[in-house]
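Me: Got a structure to go through with you. Can we take it topic by topic?

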Amino acid sequence: MCCALGAGLSSGCAERVLDKPLGSFYFEQFEERSPPPPLEYSRPVELVWQLLAIATLVAGAIYLHWRWTASLNFDALWFAIPLVIAETCAFVGLVLFTANLWKTRDYPRRDPPASFAECAGEEGADRPIKVDVFIATYSEEEELVRLSIRDAKAIRYPHPIEIAVHVLDDGRRPAMAQVAAEEGVNYITRDNNVGFKAGNLRNAMEQTSGDFIVICDADTRPFPTMLMHTLGYFRDPDVAIVQTPQWFYDIPEGERLQDLWGRKAGGLGRAAGRVIETVFGEIRVGEDPFANDPAMFYDIIQRRRNAWNAAFCCGAGSIHRREAVMFVALREFSQLVSTTADEARPRMDRLLRRRDAEKDALARWQAAQEQELTPYKFHVSEDIYSTIVLHQDKSRNWKTVLHPQVESKMLSPQDLLSWTIQRFKYAGGSLDIFFNDNPILKPGLSMMQRVMYLATFWSYFAALWNLVFLLAPVMYLVSGIPPVNAYTGDFFARALPFLVLNELAFMVGTWGLSGYKGKVTYLASFPLSLRALWAVVRKKKISFPVTPKQRQSGSQLHLVWPQVTVMLVTLAAFLYAAIRTTMGEGNYSVGGLIVNGLWGLNNILAMSIMVRAAFWKPEEER
Amino acid sequence: MKFHEKLRRGRSHLLIVVLMIVTAIIVVSIEDENLTRETGKATPDHQAPLRAGAGEGAIPAQGREARSALPLSAPSGSDGDVVQLGAYLTRNQAQVGWEEIAKKARSAGIGVESIEVLIVQAHWDGRAVHRLLVRPEGESAAADLCSELKALDLECFTREVRP
């Protein structure tokens with residue numbers, strides 16, 4: 001262990017080890033990139049968003065009312081009913097998402113505390129703050145972890161502080177221990193992998209004693225300012241967790257359209273590209289092929305949960321108050337012991353409320369032996385799960401904070417397999433909580449916290465209605481049966497205001513960010529959520545595979561067969577409808593063909609983003 | 001970040017808005033044109049004939065000249081003239097339409113209680129429409145009823161039911 005006792009010593013340690021050359025990694029070329037600043041808050045923009053959001057919801061309610069009461073095609077209820085149910089479910093999701101985005105209320109930034117007494121209320125001792133930096137690893141390349149260690153050691157603080165860096169190696173690798181020794185940091189391992197990452201963290205907590213814990217994954221590289229900018233929040237003794245935005249500094253930037261066309265078609269292509277970019281603004285082809293940019297999630301979704309104390313921990317890049325984590329773990333533990341001991345009593349004793357102090361004590365002791373103290377829930381989504389448990393604890397009103405500024409950098413999934421593993425874990429973990437320990441209906445959370453968590457869970461159910469939206473145009477193009485009774489002014493008079501207002505509202509509501517790619521990826525990732533849902537419904541355990549930190553080679557087309565199928569089926573439906581229309585057959589209306597044609601085209605484009613991602617290769621592999 | 005850059009990032013929303021509005025205009029124009037062909041006369045108001053609100057969703061009743069455009073299937077198997085009072089997008093709207101017409105007729109002293117009311121589905125340009133028909137009893141009763149209704153500013157026309 002190194003770098004204890006103060007910023008001066010800490011920086012000295014960092015300088016000593018930074019003379020070792022970096023390994024050869026694809027992301028070295030991105031080392032100089034700096035993160036984007038958080039979105040600026042503007043009260044007028046927020047007001048416009050809120051007005052548009054209300055107008056959207058009113059227009060949506062009018063549209064849905066009309067859909068249910070006056071537009072159903074009674075000749076094809078088998079088609080009309082599922083679609084209108086899907087639209088209604090999507091509208092519920094819209095209401096929840098609107099509530100999530102309603103307002104931005106950042107926690108006030110405060111100066112970094114000089115001593116532990118300043119962030120522990122009346123009980124805190126007047127001594128330097130102690131921080132443990134946990135770098136959890138399992139199978140990642142040791143040299144990659146070395147970079148994270150070095151950056152962790154380079155963390156600065158304006159007051160005396162004790163920072164201890166620990167490598168938590170669940171892979172029990174001598175090479176990792178060697179790297180830790182070379183870097184002069186603590187190496188912690190164990191002889192099993194119980195609880196996976198959560199178990200790894202618990203094991204480290206048992207062997208450390210810092211006041212605060214910084215959670216890092218193997219590829220998380222904290223900035224020197226991380227503690228300087230975040231420990232101030234802990235001046236409020238109720239603040240339990242501060243989550244900082246995750247920033248993937250290796251996301252491909254793509255190539256400008258005019259450069260790409262210029263390269264492929266010479267001067268004419270460049271000129272055409274330039275004209276298009278003049279009209280529509282800069283266009284980058286191949287930018288962020290996996291829609292990994294997490295800005296929408298952190299800078300919009302999570303940040304706006306600050307207003308309701310509902311931001312949740314996402315693991316890497318978060319700072320935890322040890323007391324809070326242990327407090328909640330002990331409460332959970334005692335409740336479990338109490339419940340288990342009570343269940344062990346004879347039924348007659350329970351019915352008659354007969355107590356025997358000696359027997360009760362024995363039962364509690366036995367129950368305590370059976371239960372485990374788990375500061376972090378042993379779960380695939382241990383981060384959100386642990387936050388829910390914190391929020392449910394009303395005896396202390398624990399708070400979670402989303403700090404809007406990026407304080408670390410990390411690596412994005414570089415191939416579709418890694419991306420799929422990561423997203424499957426998110427979906428499966430969240431759905432598993434929903435079905436097996438649903439916090440929405442349990443006591444503890446405030447109304448708005450319930451709404452925020454429901455918004456998260458609901459988004460994973462969206463695959464069900466998205467599937468209906470993907471199939472609806474195909475059904476029309478094949479059968480000629482419209483799900484609404486007519487695509488007339490009657491339909492557009494209700495649908496158009498809703499759809500237009502919705503687009504405008506979310507343009508203003510996410511002002512400064514581009515949400516298109518995220519939106520279509522959300523639609524295109526329906527097979528993933530469906531698989532997760534199917535696994536959870538069958539009570540199949542969602543496994544904990546570590547998300548690969550380095551690019552996986554080989555064909556990944558098998559991962560996108562559902563998307564390819566949707567594309568092919570929609571194209572076939574286009575062809576079929578075109579042939580029948582040309583032959584004067586079919587029961588199509590012109591309006592129906594146009595609306596469903598565009599709808600199908602939108603679906604094909606959305607699916608194509610995921611299919612293209614399966615073929616994506618970085619520049620150096622092309 | 002400058003306004004221009006923020007707008008660039010939000011352009012997909014604007015492009016979708018433009019696409020949706022243009023699509024709506026094109027589709028409604030085409031449907032209007034078809035409607036005009038179907039009814040044999042220009043729609044007086046772009047919205048009114050297509051709106052599906054109670055009482056307003058009627059596709060205007062056709063003139064006699066359009067009779068051959070839509071062959072009417074026999075509503076109950078018997079021959080004779082019927083009065084078409086309108087065509088609606090849904091059966092519900094046709095029922096609401098009849099209730100309003102009947103109310104107006106009753107208040108003018110026209111007896112409509114014993115009239116047989118028929119809502120007949122037909123297909124027009126690939127979609128279902130629901131014709132609101134009434135069959136008064138007696139020779140030339142249909143023509144008489146239609147004249148009386150027209151005097152109340154209600155549109156109608158008679159059409160022959162083919163066996």
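What follows is a short chat about ring pairs, the chain interface and salt bridges.

Me: What kind of model is this?

Reply: This is a predicted model.

Me: Rings to begin with. How many aromatic pairs over all chains?

Reply: A search of the whole structure gives 25 aromatic pairs over all chains. Take Phe97(A) and Phe506(A). Their ring centres are 5.5 Å apart and their planes are at 15 degrees, so this pair is stacked.

Me: Where do Phe97(A) and Phe506(A) sit in the chain?

Reply: Phe97(A) is in helix 3 (residues 77–101) of chain A, and Phe506(A) is in helix 16 (residues 489–509) of chain A. The pair links distant parts of the chain, 409 residues apart.

Me: Phe97(A), then: buried, exposed or partly exposed?

Reply: Phe97(A) counts as partly exposed, at 29% relative accessibility. Phe506(A) has 10%, so it counts as buried.

Me: What about Tyr476(A) and Tyr588(A), which geometry do they have?

Reply: The planes of Tyr476(A) and Tyr588(A) are at 65 degrees, so that pair is edge-to-face. The ring centres are 5.9 Å apart. Tyr476(A) belongs to helix 15 (residues 447–479) of chain A. Tyr588(A) is in the loop between helix 19 (561–582) and helix 20 (590–615) of chain A.

Me: Which residues form an aromatic cluster?

Reply: One cluster is made of Phe25(A), Tyr26(A), Phe27(A), Phe223(A), Trp247(A) and Tyr249(A).

Me: And which arginines lie over a ring face?

Reply: Arg127(A) lies over the face of Phe116(A), 4.4 Å from the ring centre. Arg396(A) lies over the face of Trp398(A), at 4.0 Å from the ring centre.

Me: Arg127(A) again: what salt bridge does it form?

Reply: Its partner is Asp211(A), with the closest N and O atoms 2.8 Å apart. Arg127(A) is in the loop between helix 3 and strand 1 (129–137) of chain A, while Asp211(A) is in the loop between helix 6 (196–206) and strand 4 (212–217) of chain A, so the bridge ties together parts that are 84 residues apart in sequence. Arg127(A) is partly exposed at 27% relative accessibility. Asp211(A) is buried at 9%.

Me: How many salt bridges over all chains?

Reply: The search of the whole structure finds 37. One of them joins Glu183(A) and Lys153(A), with the closest N and O atoms 3.5 Å apart. Glu183(A) lies in helix 5 (residues 174–183) of chain A and Lys153(A) in helix 4 of chain A, so this pair ties together parts that are 30 residues apart in sequence.

Me: Are those two buried or exposed?

Reply: Glu183(A) is buried, at 1% relative accessibility. Lys153(A) is buried too, with a relative accessible area of 1%.

Me: What about Glu585(A), which salt bridge does it form?

Reply: Glu585(A) pairs with Arg580(A), the closest N and O atoms being 3.8 Å apart. Glu585(A) is partly exposed at 38% relative accessible area. Arg580(A) is partly exposed at 22%.

Me: Which residues do shared partners join into one network?

Reply: Glu143(A), Arg146(A), Arg150(A), Lys153(A), Glu182(A) and Glu183(A), all through salt bridges.

Me: Switching to Ser148(A). Where is it?

Reply: Ser148(A) is in helix 4 (residues 142–153) of chain A. Its relative accessible area is 0%, so Ser148(A) is buried. Its side chain reaches the backbone oxygen of Ala218(A) at 2.5 Å. Beyond its neighbours within four places in sequence, Ser148(A) is in contact with several residues, including Ile135(A), Asp217(A) and Pro222(A).

Me: Now the interface. How many residues of chain A are in contact with chain B?

Reply: 41 residues of chain A are in contact with 39 residues of chain B. The two chains bury about 3,400 Å² between them, 65% of it on carbon and sulfur atoms.

Me: Which three residues supply more of the area that chain A buries than any other three?

Reply: Glu503(A), Met507(A) and Trp511(A), with 16% of the area that chain A buries against chain B.

Me: How many salt bridges and polar contacts cross it?

Reply: The rule finds one salt bridge across the interface of chain A and chain B. Glu40(A) and Lys6(B) meet in a salt bridge at 3.7 Å, N to O.

Me: Which elements give two or more residues on the chain A side?

Reply: Helix 2 (43–70), helix 16, helix 17 (516–524) and helix 20 of chain A. Helix 16 of chain A gives the most, with twelve residues.

Notes: Residues are numbered from 1 along each chain as its sequence is written. Chains are lettered from A and ligands numbered from 1 in the order in which they are written. This is a predicted model: local features need pLDDT of at least 70, side-chain atom pairs count only at pLDDT 80 or more; totals for chains, interfaces and linings use all residues. Side-chain values use heavy atoms; hydrogens and water are left out. Rings of Phe, Tyr and Trp (its six-membered ring) pair if their centres lie within 6.5 Å; planes under 30 degrees apart count as stacked, over 60 as edge-to-face and the rest as tilted. Helices (H or I, at least four residues) and strands (E, at least two) are DSSP runs, numbered from the N terminus. Buried means under 20% relative accessible area, exposed over 50%, partly exposed in between (1.4 Å probe, protein chains only). A charge sits over a ring if NZ of Lys or CZ of Arg is within 6 Å of the ring centre and within 35 degrees of the ring normal. Contact means heavy atoms within 4.5 Å. Buried area is the accessible area (1.4 Å probe) that two parts lose on being put together, summed over both. A salt bridge is a side-chain nitrogen of Lys or Arg within 4 Å of a carboxyl oxygen of Asp or Glu. A polar contact is a pair of N or O atoms within 3.5 Å; within protein, one must be able to donate a hydrogen and the other to accept it, and residues adjacent in sequence count only if both atoms are side-chain atoms.
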